[in-house]
Amino acid sequence: MSPLIYYLAAFGAYTICIILMTGQSFTWKETKKSFYLGRRQVSAFPSTATFCATWISPLSFIGYSMWLYTDGYIAFWASVNGWLIGLLFFPFIVERLRIRRVLSMPEWLEKTYGDVRVRKLVALTMIFLYTLYLVIQFRSFGIIVSYMLDIPAGFTSTSIIYLFVLYTTFGGYISVVRSDILNLLLIIAGVTVAACFSLPAGFSLKSASDIILMKGQLGTVRQMTPTEIFSAFAIMLSWGLGVAGNPQYAVRILACRTRRDAYRMLSVSPFIVGFFYSCLTFFILVCRAKYPLLTNLEETVAFAKLAQFLPEIAGAFLLISVIAAAVSTANSQLLLAASSLCYDLFPGKHDKTESENPFQEDRFLVVNRIAITAIASIALILCYADLPGNLMLGRISWTLVAICFFFPLFVPKWIVHESLFHVLGIALILQSVLVFIVGIGPEYAMLIVLTAEALLFKLEKHFALCKMLLKSPLQKETRKNVL
Amino acid sequence: MKWIFMVLALSMVLLTLGARLHQGYIAKKDSAAALGEELRVDLENRKYYIPKDIIMGELGPYWKEAAQGERAELTIKSGGRSWGFVSNPDAIMISLVEEERYLLLVGLLGLIAAVELAVFMSYLLTRPLRRLAWGCRQIANGMTVTIPQNKLAPYEFHELTNSFNTMATQLEKWKEVQRQLSRMDRLAALGEMLSGLSHEIRNPLASIRIQLDLLRMEIESAASRKVEYGTYFDICDAMEHIAILEHETDRLNGIVTKLLSFVRTKQAMIGPVLLDGLLPWCRSMLNAQAEKEGIELITLPMDKNVTVMADSEMLQQLIMNLSLNAMQAMSMAETAQEKVLIITTGYSKDESGAVKKGLLRVTDTGPGIPFAIQHRIFDPFFTTRQDGTGLGLSIVQRITEGFGGSLSMETSSFGTVFNIFIPLDEHCCRVAEKGNTEVTDNEYMDS
């Protein structure tokens, strides 16, 4: 039977599942807290599901796969390693994040460092970077759908994700979590099926180890030059820091019912994410060994072509899992962008955790939904603008995240509250200049900017200390010793 | 409701798509049958043999050769040989789906859009209900609530919201009535108690008073005898103590009298009373006190010949109570504000301009009544002064209600205004309606 039938059936089934299982829009009793964080009542299992589903985006799915397909294990070393190292940072910030009882990360910055300007600056940056990030999800979805349904890639294919994402995001965080549970199941099913059916002779441990240890595969690592090693290290570092500071995951920590649930989520997630990367890596290594000629195609199309080497049903599962990854990441990012816009940037009279008046809450949530539609529409339009490729957009976004959040989240002792706004402002401007005007790769620019940021923080700390000591009635000698 | 709309949307889309696909399937099958029939007739007319492969090629993918024992839908004979064919539903279906994939895609898009619209519609319908539920909870918690109209809601919900707001207003009124009833109950119980208490106090008081008089007379006669006999007798101190005792006993008696006047209200002798005619009396009674306190007293008749149906003696008591209260409030105030007491009389009109009642207004420039105690000022025995009985305003309210009139109070940090509305004498009412009047009900609200 034609694969089109399978793909159409799979896509139709996915649509119906999303509609029936995840649509929780406009619940009876809605508040800001329920809309942004599910009333902070999300237990460990759904939290883990939404954490992992949000983690797996088309960029980490297709981008990593095709990099691995082209360059071998170096992709694993630079990207998967970096992401998983980033994941290890999260347990250190659980307590710090949850103690503030905030609804968004920019609000956390304001409450922690006492400067509303920082909140506004970071909110603005988040709107920018998540809109860019949405473009990646929309593009990948559009290409996969056009391949699956054999239609030209264009507005029709991309607009489907627009509707999917609006549908799942309108219901707020709980709706996003529900859709993420479904999406994670599909993603895991997709890569598992792909790994199992990738070997024509069937899966066995012997054949699997043969593929993993094949001479051509390992050679890619052994032949790396020092420049390549540094480059891979820089990418690993920037992507790791990008993950560690990403508000998408921090928000999930905030939304957990208890601190214990947050720790459970963070301890289980590496296994799920690790399993996903293992299956995907194995599938791509098989493709690399057996079908090494798909090199000149756009990476999403190339990935879709790899799926055709699988049996039809397995191929359909794999492609649906890419769609699921796009939807799960996009709705989470859209919710964050909307909250940054409505709650952090222009809070109006609603800058309170929870208002008792339902009319006020109603109006605020309606405005949020309008913001969601507006941001999604802008991202949809940007899909057809002359923007850089998916990987480049991802690199720009990750580095901006790291610049905004890494120091405030992980080294709060370095920060002088009064100067945080200026340091972050300078850092963001410097990054933009280095990337867009000088033309340095975002990862390298980020390393420079983070170093500059650290220096500025240290200098500010030193000056603040000096100022304090000069004002205090300490003895001259004590001052000298301290200085 | 959301699920009903969603199922409806889903059914509509599936029905439309199903009908289209079924129609397409039938059309393809019919066209395949027509093609087969045409080929059969064509081959029967030809005398030479055509191989099976060519025939199958001509028939296309919608036909397949009938299996052994399967009943053929189409039998084609060529060169003396015959082959049986049956239609191939899988091939028809695949071809149909491939051709109609855009339709399917649009169907799926339509489905999501329809479901989103359905959810939005259910939201529009349930949002007013949610607001009403919130309103009910507020009322249950004893709060006053008015639900604003939602322009996007259907008119039925406008009606529902109006009804809810009316119900909430009526409930508020009912609560006010309940408060008054409860107050009246308390007052009745209090009156009963006071009546008994006053009686019990008054009897020994009378006895004490009589005994005091007798004692005084005895001492006076004894004193005169001693003076006659030239013996020193220090009687002056004893006389002074007795005088104090007399004064205190009289004061006690006054309080008891006041209590009794509150409990057993004197039957009002209602008759026509010239309201503006009371003003000279007010001036004569209050002027001395006002001067002593440094208060400027102004009496002002806004309209002339305002005749109300009241008891003039009670009306005087009412004015005295209000004025003395006002003067005490102003004298206690430590503000630089000028102290002025204004007593005005006139007509009060309703919104249409018709004369309704006579108005007696007492205005002071005191510090006003704190919001927290405003609802208690008419309660008997409620007072903020150490030497007050707390009965003045209660008596004012009772007298006003006894005339069939009403009372209102407005207060701020710049002063307090008491308005007493008293029914007019019929003759006066007719005269007044002919003339022009200035003071209205609404005016006092704005003053």
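These legends describe close-up views of a predicted model.

**View 1. The largest nonpolar core.** This core has 190 residues. Those with the most contacts inside it are A:Phe11, A:Trp55, A:Phe61, A:Phe90, A:Phe138, A:Phe141 and A:Ile323. Helix H17 of chain A, residues 312–345, gives the most to this core, with 19 residues. Two domains of chain A take part: domain 1 (3–390) and domain 2 (411–483) each supply at least three residues.

**View 2. The surroundings of A:Phe61.** A:Phe61 is among the residues with the most contacts inside the largest nonpolar core. Neighbours within four places in sequence are left aside here. The residues in contact with A:Phe61 are then A:Ile56, A:Ile187, A:Val191, A:Phe276, A:Leu280, A:Phe303, A:Leu318, A:Ser321, A:Val322 and A:Ala325.

**View 3. A salt bridge in helix H7 of chain A.** The structure holds 25 salt bridges over all chains. One of them joins the side chains of A:Lys111 and A:Glu107, at 3.1 Å from N to O. Both residues lie in helix H7, residues 105–113 of chain A. They sit four residues apart, about one turn of the helix. A:Glu107 counts as buried, because its relative accessibility is 3% and the limit for buried is under 20%. A:Lys111 counts as partly exposed, at 41% relative accessibility.

**View 4. A salt bridge between B:Arg179 and B:Glu176.** The two side chains meet at 2.8 Å, N to O. Both residues belong to helix H5 of chain B, residues 155–228. Three residues separate their positions, about one turn of the helix. B:Arg179 is partly exposed, with 46% relative accessibility. B:Glu176 is partly exposed too, with a relative accessible area of 35%.

View 5. The side chains of B:Asp213 and B:Arg209 form a salt bridge of 2.8 Å, N to O. These residues are four apart in helix H5 of chain B, so about one helical turn separates them. B:Asp213 has a relative accessible area of 24% and is partly exposed. B:Arg209 is partly exposed as well, at 26%. The pair belongs to a network of salt bridges that links B:Arg209, B:Asp213, B:Arg216, B:Glu246 and B:Asp250.

Technical notes
Residues are numbered from 1 along each chain as its sequence is written. Chains are lettered from A and ligands numbered from 1 in the order in which they are written. This is a predicted model: local features need pLDDT of at least 70, side-chain atom pairs count only at pLDDT 80 or more; totals for chains, interfaces and linings use all residues. Side-chain values use heavy atoms; hydrogens and water are left out. A nonpolar core is a set of buried Ala, Val, Leu, Ile, Met, Phe, Trp, Tyr and Cys residues joined through side-chain atoms within 4.5 Å. Buried means under 20% relative accessible area, exposed over 50%, partly exposed in between (1.4 Å probe, protein chains only). Helices (H or I, at least four residues) and strands (E, at least two) are DSSP runs, numbered from the N terminus. Domain bounds come from an automatic or database domain assignment. Contact means heavy atoms within 4.5 Å. A salt bridge is a side-chain nitrogen of Lys or Arg within 4 Å of a carboxyl oxygen of Asp or Glu.
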